Amino acid sequence: MSEDHRVSRNPAEPPKTGAAGARRWSDYLDWVREDCIGAVTSLSEQEQRATLLPSGWTPLELLHHLVHMEQRWFVWGFLGEEVAQPWGDWNREEPWEDTDVVAAEARWRVPEGLTAEAVAERLRAQGERTRAVLRDHDLGEPGRSGGRFGAQPPTLEWICFHVLAEYARHAGQLDVVVELLEERR
């Protein structure tokens, strides 16, 4: 039986060999983070701010969301540190407020004048912070209470699974939008 050479179609994907653990999580988060950055920065400024979907988000808004999403889980959540604007990617201070009006009006936003390059720089800086968390903490360690979490915060490994799943969903969404934008060219 021969090895299946189709397993990894993207040469930037982390290698199939190596130890399991925090380093592998860090490598995969870096890979998918850079994939999202590359998808958005490959677009023209007009395309970065274009919406093609009924939900109304733009590629730049999605990239900005990723900065805040990763910060919410690793800094505000796991480390329990104060975060100035944990929901700064939304047009509402608390987008999950339990009212129909808020739910209907809540959407991602990007502050005026913020470029994709600046958002990418912020996302890479958050990636450095995430790598430090993964380097300095055990995957079985629970997050701190008092930041994002109350009683029984999830473990660092659970947070890694959750964040990687969120990145994967958003990377797929970006793939579709980029394909639609390329078709329009």
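Helices, at least four residues long, are DSSP runs of H or I and are numbered from the N terminus. In this predicted model, Val83 is placed in the loop between α3 and α4, the latter covering residues 100-105. Val83 counts as buried because its relative accessibility is 9%, under the 20% cut-off. Apart from neighbours within four places in sequence, the contacts of Val83 are Gln71, Val75 and Trp76. Val83 and Arg122 are separated by 39 residues in sequence, and their C-alpha atoms are 14 Å apart in space.

The buried residues of α1 are Trp25, Ser26, Leu29, Asp30, Val32, Arg33, Cys36, Ile37, Ala39 and Val40. These buried residues pack against α2, α3, α5 and α6. Helix α6, residues 156-184, has 29 residues and reaches 42 Å from its first C-alpha to its last, close to the 42 Å expected at 1.5 Å a residue. In α6 the buried positions are Leu156, Ile159, Cys160, Val163, Glu166, Tyr167, His170, Ala171, Leu174, Val177, Val178 and Leu181. The packing partners of the buried residues of α6 are α1, α2, α3 and α5.

The loop between α1 and α2 contains Ser42. With a relative accessible area of 44%, Ser42 is partly exposed. A polar atom of the Ser42 side chain lies 2.8 Å from the backbone oxygen of Ala39, and Ala39 is one of the buried residues of α1. Between Ser42 and Asp89 there are 21 Å in space, C-alpha to C-alpha, and the two are 47 residues apart in sequence.

Thr58 is located in the loop between α2, residues 45-48, and α3. Thr58 counts as buried because its relative accessibility is 8%. The side chain of Thr58 reaches the backbone oxygen of Gln48 at 3.5 Å. Gln48 is also among the residues in contact with Thr58 once neighbours within four places in sequence are left aside; the others are Arg49, Ala50 and Thr51.

His64 belongs to helix α3 and, at 2% relative accessibility, counts as buried. Its contacts, leaving aside neighbours within four places in sequence, are Gly88, Asp89, Arg109, Val110, Pro111, Leu114, Val119 and Arg122. One of these, Val119, is found in helix α5. The relative accessible area of Val119 is 0%, so this residue is buried. Val119 touches Leu60, Leu63, His64, Val67 and Leu114 when residues up to four places away in sequence are not counted. Arg23 and Val119 are 96 residues apart along the chain, with their C-alpha atoms separated by 25 Å.

The largest pocket has a volume of about 180 Å³. The elements that give two or more residues to its lining are α3, residues 59-78, and α5, residues 116-136. The lining consists of His64, Val67, His68, Gln71, Gln85, Gly88, Arg109, Pro111, Arg122, Ala125, Gln126 and Arg129. By class, three of the lining residues are nonpolar, six are polar and three are charged.

Gln152 lies in the loop between α5 and α6. The phi angle of Gln152 is near 55°, a positive value in a residue other than glycine. Gln152 is exposed because its relative accessible area is 77%, over the 50% cut-off.

Methods: Residues numbered from 1 in each chain as written. Predicted model: local features only at pLDDT ≥ 70, side-chain atom pairs only at ≥ 80, totals over all residues. Heavy atoms only, no water. 1 Å grid on protein atoms, 1.4 Å probe; cavity = no way out; pocket = protein on both sides within 12 Å on 5 of 7 lines; lining within 4 Å. Points joined across faces, edges and corners; volume = space filled by probe spheres on them. Nonpolar A, V, L, I, M, F, W, Y, C, P; charged D, E, K, R; others polar. Buried < 20%, exposed > 50% of the residue type's maximum accessible area, 1.4 Å probe, protein only. Polar contact = N/O pair within 3.5 Å; in protein donor to acceptor, adjacent residues only side chain to side chain. Contact = heavy atoms within 4.5 Å. Expected span 1.5 Å × (residues − 1).
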